[in-house]
Amino acid sequence: GVDSGAFQATSARVNGVTYDIFTELDRSAPGRALLRASLADVYTDSRARPRSDSIAYYGQANWHFSDAGTLTFGLRHTKERRRNSNESWWWGGVALSAANFPDSTALERSLASAIRTANARSTAYIYGSTEDSSSAWLVNPSYKLNATTLLYASASYGEKSSAVQFLRTNSVVSVIKPERVLDYELGVKTTFLDDKLRFNVNLFHTAIRDFQTTVYEPDPTTTSGYASFFGNAERVVTQGLELDVGYALDRQWSLSLTGAYNPARYESYRNGSCPVEIDPNTIVAGCDLTDERLGGASDVSVSFGVDYRAPESAVLQWHGFVNNSYRSKYNASPTFSSYGEQRGYSVLDAGVGVGFGAGKYDVSLVGKNILDEKYLISVSDFSNSGVSRGALGLR
């Protein structure tokens, strides 16, 4: 449309000078005509063909070394091949030439062409592939201390396979490293008071190398010389405690509490993408996000619920629940922008229902977020010139 060019007008470098395209073209009537024509009736299309093939063999065995103790071993070997290809093209629009815009200057035509070039590209067919072989393993000892208490531990390793992407306006093949995860856990599962009280707790430590996320890398095709791509952060550590408690007050009422303390951090993330509020011209080599909390991750999450189920009758059985979930503060932006900061919040759900037909049927009315809490779940701010978008949670 005729407004598309103005919306996409950012900056361009012509003969060693950087110009604000919109400001320059808005100075004259021929410039405004070029601004409207730059993307009017211009269309783009592309064809991407990703493909993944995976083959694996695996097995798991339990060794009951005593009546109360079991040692579980697991092994999986996977071979994957990933292929990707891409091509794109554009058509339409009037030629941004002196013949069509006789009163325009050469600079104005160059700036209008810069808008079209940035948004309507034809790229040649490009193909890339990668092959991975990985072995995942698990060692899990457990010991039944008594009829109501189980102690366990585990150590495991796994990988998230690599990926193929195309950089620099689809002219360079880039292969993302596999993500490698090593996890340790220690826990107990137990019940008390004739199985009325359930208490499960789990300690964990997970180290992730080459965590797949957005990184900031050199790109000579951009004005700043850098661009954000999908890549690998050096190391992520997530560790903490998980808790699961349930208590049956009687046959009608029960309480539940689940929670986690998980201060997940980037232990090394030296080339992260910078927030949208930072001037890209001042960025030398991205932003060091080491020691930052993982995007979208809360240190504390807790959920508390109450359930009620009326005594069974010959016809109907009423039931209901109330559940409140709390999350501590986090940042919903992948670049840790201040616009993505979300304070701690609680979401209250509730419902009521009735069963009938000897338990064959049930009708329930459920309300989600009944107090209408407003909270962000994601923010996109990859561009210093485009529109940023925030996605709200369920309301």
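Buried means under 20% relative accessible area. This cut-off applies to the close-up views below, which are taken from a predicted model.

**View 1. Salt bridge between aspartate 299 and arginine 293.** The closest N and O atoms of the pair are 3.1 Å apart. With a relative accessible area of 14%, aspartate 299 is buried.

**View 2. Salt bridge between glutamate 267 and arginine 235.** The N to O distance is 2.2 Å. Glutamate 267 belongs to strand E14 (residues 265-268) and arginine 235 to strand E12 (residues 226-248), so the bridge ties together parts that are 32 residues apart in sequence. Arginine 235 counts as buried at 18% relative accessibility, whereas glutamate 267 is partly exposed, with a relative accessible area of 41%.

**View 3. Salt bridge between arginine 81 and glutamate 131.** Here the closest N and O atoms lie 3.8 Å apart. Arginine 81 sits in strand E5 (residues 69-92) and glutamate 131 in strand E6 (residues 123-146); the two are 50 residues apart and link distant parts of the chain. Arginine 81 is partly exposed, at a relative accessible area of 33%, and glutamate 131 is exposed, at 51% relative accessibility.

**View 4. Salt-bridge network of Arg51, Asp53 and Arg83.** These residues are linked in a network of salt bridges. The structure holds 13 salt bridges.

**View 5. Crossing of helix H3 (residues 29-37) and helix H4 (residues 106-119).** The helix axes come within 9 Å and cross at roughly 15 degrees, so H3 and H4 are roughly parallel to each other. The crossing is right-handed. H3 contributes Pro30, Gly31, Leu34, Leu35 and Ala37 to the contact, and H4 contributes Glu108, Arg109, Ala112, Ile115 and Arg116. By class, the contact has 6 nonpolar, 1 polar and 3 charged residues.

Note on methods. Residues are numbered from 1 along each chain as its sequence is written. This is a predicted model: local features need pLDDT of at least 70, side-chain atom pairs count only at pLDDT 80 or more; totals for chains, interfaces and linings use all residues. Side-chain values use heavy atoms; hydrogens and water are left out. Axes are lines fitted to C-alpha atoms, for helices over the stretch in contact, and angles run from 0 to 180 degrees between N-to-C directions. Helices (H or I, at least four residues) and strands (E, at least two) are DSSP runs, numbered from the N terminus. Angles under 35 degrees count as roughly parallel, over 145 as roughly antiparallel, 65 to 115 as roughly perpendicular and the rest as oblique. A crossing is left-handed if the near helix is turned anticlockwise from the far one by less than a right angle, and right-handed if clockwise. Contact means heavy atoms within 4.5 Å. Ala, Val, Leu, Ile, Met, Phe, Trp, Tyr, Cys and Pro count as nonpolar, Asp, Glu, Lys and Arg as charged, and the others, Gly among them, as polar. A salt bridge is a side-chain nitrogen of Lys or Arg within 4 Å of a carboxyl oxygen of Asp or Glu. Buried means under 20% relative accessible area, exposed over 50%, partly exposed in between (1.4 Å probe, protein chains only).
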